[in-house]
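Visitor: I would like to go through this fold step by step. Could we begin with the terms and then turn to the contacts?

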Amino acid sequence: MTKQEITLRVPGAPEYALVLRLALGGVAMLKDLDAGALDDLRSASDEAVDYLLHQGRGVQWLTLAVLDGGDQLTVRICAEFTGEGAFTPDEDEQEISRAVLETLIPQ
């Protein structure tokens, strides 16, 4: 099967997190994921968006990319930051955020 990618780009504001969440829900329904996996996917996306929006600088765009590999979905949520402010999260903060996300979605 050919891998298919779905990409959605929305303004970098908290109210657009719902748009990303709904898009993920639609993909999960198409892939016939069970309710538990869908809930975990939504929670992980909420955590990722929340983390990206609270970096201490402006977010211009949020991008959701879902790669459908047949029996596996790969989900990536990225932020495009404005030039305002400079912030580099320390290593401990990155590890804590990664641990929270891996608890929700182990792979």
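This is a predicted model: local features need pLDDT of at least 70, side-chain atom pairs count only at pLDDT 80 or more; totals for chains, interfaces and linings use all residues.

Visitor: Which residue of β2 stands opposite E5?

Guide: The residue opposite E5 is L67 in β2. The strands β1 and β2, the latter covering residues 59-68, are joined by 8 bridges and run antiparallel.

Visitor: And how many bridges pair β2 with β3?

Guide: There are 9 bridges between β2 and β3, again in the antiparallel sense. One of the pairs is T63 with its bridge partner C78 in β3.

Visitor: What is the strand order in the sheet?

Guide: The order is β1-β2-β3, in an open sheet of 3 strands with antiparallel pairing. Because β1 (4-11) and β3 (73-81) each have a single partner strand, they stand at the edges, and one side of each is left without a neighbour in the sheet. On average, neighbouring strands are turned by 15 degrees against each other, direction ignored.

Visitor: What about the hairpin: which residue there takes a positive phi?

Guide: That is G70, with phi near 90 degrees; the hairpin of β2 and β3 has 4 residues between the strands.

Visitor: Changing topic to the helices. Where does α2 lie?

Guide: Helix α2, residues 35-53, lies across β2 and β3 and runs at about 20 degrees to β3.

Visitor: At what angle do α1 and α2 pack?

Guide: Helix α1 (residues 17-30) packs with α2 at about 155 degrees, and their axes are 10 Å apart. Angles over 145 degrees count as roughly antiparallel, and therefore α1 is roughly antiparallel to α2. The crossing of α1 past α2 is right-handed.

Visitor: Which residues meet there?

Guide: From α1, the residues are A17, L20, R21, L24, G25 and A28; from α2, they are L38, L41, R42, S45, D46 and V49. The residues of this contact divide into 7 nonpolar, 2 polar and 3 charged.

Visitor: One more topic, then. How many salt bridges are there?

Guide: The count comes to 4 salt bridges, with a cut-off of 4 Å between the side-chain nitrogen and the carboxyl oxygen. Among them is the pair of E80 and R9, whose closest N and O atoms are 3.6 Å apart.

Visitor: Which parts does the pair of E80 and R9 tie together?

Guide: E80 lies in strand β3 and R9 in strand β1, so the pair ties together parts that are 71 residues apart in sequence.

Note on methods: Residues are numbered from 1 along each chain as its sequence is written. Side-chain values use heavy atoms; hydrogens and water are left out. Two strands pair if DSSP finds at least two bridges between them. Helices (H or I, at least four residues) and strands (E, at least two) are DSSP runs, numbered from the N terminus. Axes are lines fitted to C-alpha atoms, for helices over the stretch in contact, and angles run from 0 to 180 degrees between N-to-C directions. Contact means heavy atoms within 4.5 Å. Angles under 35 degrees count as roughly parallel, over 145 as roughly antiparallel, 65 to 115 as roughly perpendicular and the rest as oblique. A crossing is left-handed if the near helix is turned anticlockwise from the far one by less than a right angle, and right-handed if clockwise. Ala, Val, Leu, Ile, Met, Phe, Trp, Tyr, Cys and Pro count as nonpolar, Asp, Glu, Lys and Arg as charged, and the others, Gly among them, as polar.
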